[in-house]
Amino acid sequence: MAPRSELRDVPRHHPTTQRTTMATPSKTPPGADPKQLERTGTVREIGSQAVWSLSSCKPGFGVDQLRDDNLETYWQSDGSQPHLVNIQFRRKTTVKMLCIYADYKSDESYTPSKISVRVGNNFHNLQEVRQLEMVEPSGWIHISLLDGANSPIRTFMIQVAVLANHQNGRDTHMRQIKIYTPVEDSSMGKFPRCTTVDFMMYRTIR
Amino acid sequence: MDAVFLAERLYAEVGSEEALYLLATCYFRSGKAYKAYRLLKTHTCSTPQCRYLLAKCCVDLSKLAEGEQVLTGGVLNKQKSQDDIITEFGDSASFTLSLLGHIYCKTDRVAKGSECFQRSLNLNPFLWSPFQSLCHLGEKLDPEQIFRLSSLHIPLAPPPPISPAQNPSHRLDTALMETPQDTLELNRLNLESSNGKLTSDSTVSYIDSSLISPDPGSLLANTVSMGSTGSLLGKQNKPKSGRSLLGGPAALSPLTPSFGILPLDPSPGDPTYLQNYSGSLDTQQTAPSKKSVSRIGQSKSVFSQSGNGREVLPIPFSQSQSSAPHSSTTPQVLSPTLVAPPNIQPRRSTRLFTSASSTAKENSKKLKMKFPTKIPNRKTKCKAAKTSNSNLNESLDILKLDSSMNDSKSLTTPGYQSISLQRAATDMVLSMLRELGRGYQALCCYNCQDAINILSSVPAHHYNTGWVLTHIGRAYFELAEYTQAERVFSEVRRIEAYRVEGMEIYSTTLWHLQKDVALSALSKDLTDMDRLCPQAWCVAGNCFSLQQEHDIAIKFFQRAIQVDPGFAYAYTLLGHEFALTEELDRALACFRNAIRVNNRHYNAWYGLGMIYYKQEKFSLAEIHFKKALSINPQSSVMLCHIGVVQHALKKSESALETLNKAISIDPKNPLCKFHRASILFANDKYKAALQELEELKQIVPKESLVYFLIGKVYKKLGQTHLALMNFSWAMDLDPKGANNQIKEAIDKRYLPEDEEPVTEDFLYDSGKNPLSAEELTQREWPADVEESSMTDADDSQLHTAESDDVL
């Protein structure tokens, strides 16, 4: 931690140099709005099927604010790092992607910078599948959860761990998290989705 | 509200049963069924019309058992048989039976219910709602037989003694049944009843809108009514100081199933009136003062001249009669009035479909207003006594006139004339009912092509109405010809923008066609127009479902269910939404609810089958699909699903058979061919599969699944390059789709070593971007690779699943 904090301390006293040092890793560009993803019909948000819990939170800034579809409200942690968001499903669920909204401009030192995603069956069984670093994020960050064979992960539990924040902040803000599962069109056999309206018209009787 | 007030005063004044009935009717008509219910409960009501009204209130308030008890004497007491009911209720028996049938159906006694409906139709072939209910129950009816006059209805015999059957509630049903025939009967009833009691008879003919076919028919109808009244007149000789207004129009209007009441009028309208006529039939020749149109306006009678041109018609006639001293002048006088009717085309309509919402009083008031405007030159100031005579003359004169106008034989007797005219008019009505009945029947049995043919051959002015077009649209929908259906439905919207029945089918059509703009416009329009109808919320739900916002769609469908728990389609749609959000248990519950509401709702059976298929309970799925198919045997989509399920159950031959049948029913269904090809592929019949798929490629050239399957077939056949070609085309066409499957297929392709040392990297360029088809073909390929005719190969930048954080 010490070397790293030194590194960070330097920019703090020298705003200009901060720019230059931080400019070398390019800023994480924002991803597309997940709503648009949903509209393609290829993924579906399944956060409502899960139980969400946090390692710590400030009163009034908890799970509800994290899951309320409102980018103005956020979760603020209130403990020691790493801060954890635990997502537990009732049954083993296929998850394809995780979307986190983070905005450096509004959260500054509360913005997460290093996130680790772990999956498993229960708290004792978690394994890290992804770790990513973000540099001044300003929007949605898409984290795809694919296993070795490049297919979506099937799991009971997901844990999102915030290992570090920007400017070495202690607590973190997280504005929104969404979790997506691929939509399987299994109404007509194990085929991928049809693409044309002509096919889709005949697919089902509604 | 005026009527309620007055009725309350009357009841307080006179506390008789008729007044009670009147008051209850006022409450019922103003939409407060519970008031009518309580009122009638607290005071004993023995007259059949009161009982009928009470039963109707019970049904509206969902107190089905009580309603049944009222009508049939209850479970504990000896139940009356239907014959008893018929004799008891007399002329309103048809409505009573219809109501009873409705109660039976709702309480799961379908056989009794359908029996009731049948008898109701026997008694009164002009009722549409029992016919409709029977069709919904899936009974095979013969509209030819049903919509036919039996000897019961011919007014040859003297009017049978019947209790006054004119209930306002009848009016609701009779809104459907408007024919001179009925009015004749009812008039007769009125006569009888008035014979029975000269005191205030609360039942007075209401003139109602008629279903009578266009002008000539209406003219005839009017004349018929004239004739009928004439005949009646001949029979009765009791002069009565009826309110001429009532009597006149009532007598003149053929179409009025009489109902309605004259709250403050001491004398019953029609019958007495008619009696007046008869009395003075021979004596008076002069046409005294004109009928009081304004009198009508003044009369406080609940004259449900529910805005029908027909109704207005008789009155102008009478007016004209009264105004002209003799028939010589009447023709001229009449002609303008004859012209009037075309303008006053009957507002038949939604009355047919709405339940008792409109109040007779409002209508009568409206009509009263109408009279002065339409017949400005008719000033009417005559009093009752005089008008009775005048009306009599008028009717006679009209009769003469009509007969002359129709070039019919000389007026032998009013009775004879009337009967033949009447018959002609009723025949016209019945023939139209027959046609529509046949079409509707065909639709309910899902012989959709027949239904379309029948309904399209209806005369043009009927064809261009909301009802006919909606049902044609629905027939196209059931045939899965969504573009046609959409065209028809948009026509409906253009003609009758206020129509909500059938709009849920339209919304599903748009959902299938994925026309989100039209769908959201429709949804907005309907929810603005009527927040209390389930169809509007179903449309809204479909709109959001198309936008993949399933939670909101679920909310709207639940709202539709709240608004009307008897609307089966809302449950079905809700079930589909739950299925899409993978909440299969709730989906199952919803589909089951839909079936509970309507056993023949094949969509719900299909839904159940689909859920079981998703849960891989294939045999259950097959059972449910088969049940749905039994209800709707010509649905190719259903057959397709059954084929797929059978294949999953390893019954490939029957699967192929089913799919063949599906294709023969509807050759345009590409999915059937696709599945047939996939089954052939699974059974190793590669050549046949390929042929099938080639055909399919011609039909739907842009469908990635087709190429995907072709690729798999080629892969099995060992033609790797073709396979790869097709996979890449498939991926091209489906950039955002489940590429994984395609990529897997490609990967697996190359695991066993082949002549071509092609690896997955072959498919990607150095930047790890998947190659487009064009680029692929530029790599070295063996000679037999064909160029694809894909037009959009170039611009598809196949997405990179590799990039982590950016989509």
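# Strand pairing and the A–B interface

Q: Which residue is the bridge partner of A:Met97 in β11(A)?
A: In this predicted model, A:Tyr180 of β11(A) is the bridge partner of A:Met97.

Q: What makes β5 and β11 of chain A a pair?
A: Pairing takes at least two bridges between two strands. Strand β5 (residues 97–103) and strand β11 (residues 176–182) of chain A have five bridges. Therefore they count as paired. Their sense is antiparallel.

Q: Which sheet holds β5 and β11 of chain A, and in what order do its strands run?
A: It is an open sheet of four strands in chain A, ordered β1-β11-β5-β8. The pairing is antiparallel.

Q: Why are β1 and β8 of chain A called edge strands?
A: β1 (43–45) and β8 (138–144) of chain A each pair on one side only. The twist in this sheet averages 30 degrees from one strand to the next.

Q: What is the strand order of the five-strand sheet in chain A?
A: The order is β2-β4-β9-β6-β7. This sheet is open too, with antiparallel pairing. Its edge strands are β2 (50–54) and β7 (127–133) of chain A, each pairing on one side only. Here the twist averages 15 degrees from one strand to the next.

Q: How do you know that β6 and β7 of chain A are paired?
A: Six bridges join strand β6 (residues 112–120) of chain A to β7(A). The rule asks for at least two, so the two strands pair. They run antiparallel. A:Val117 stands opposite A:Arg130 in β7(A).

Q: How many residues does each chain bring to the contact between chains A and B?
A: Chain B brings 61 residues and chain A brings 38 residues. The two chains bury about 4500 Å² between them. Of that area, 59% is on carbon and sulfur atoms.

Q: Why is the link between A:Arg206 and B:Glu577 called a salt bridge?
A: The side chains meet at 3.0 Å, N to O. The limit is 4 Å, from a side-chain nitrogen of Lys or Arg to a carboxyl oxygen of Asp or Glu. The pair is within that limit, so the name applies.

Q: Which helices of chain B supply at least two residues each to the side that touches chain A?
A: Among them are α27 (503–513), α31 (568–580) and α41 (739–750) of chain B. By class, this side of chain B has 29 nonpolar, 19 polar and 13 charged residues.

Technical notes:
Residues numbered from 1 in each chain as written. Chains lettered and ligands numbered in written order. Predicted model: local features only at pLDDT ≥ 70, side-chain atom pairs only at ≥ 80, totals over all residues. Heavy atoms only, no water. Contact = heavy atoms within 4.5 Å. Buried area = accessible area lost by both parts, 1.4 Å probe. Nonpolar A, V, L, I, M, F, W, Y, C, P; charged D, E, K, R; others polar. Axes fitted to C-alpha atoms, helices over the stretch in contact; angles between N-to-C directions.
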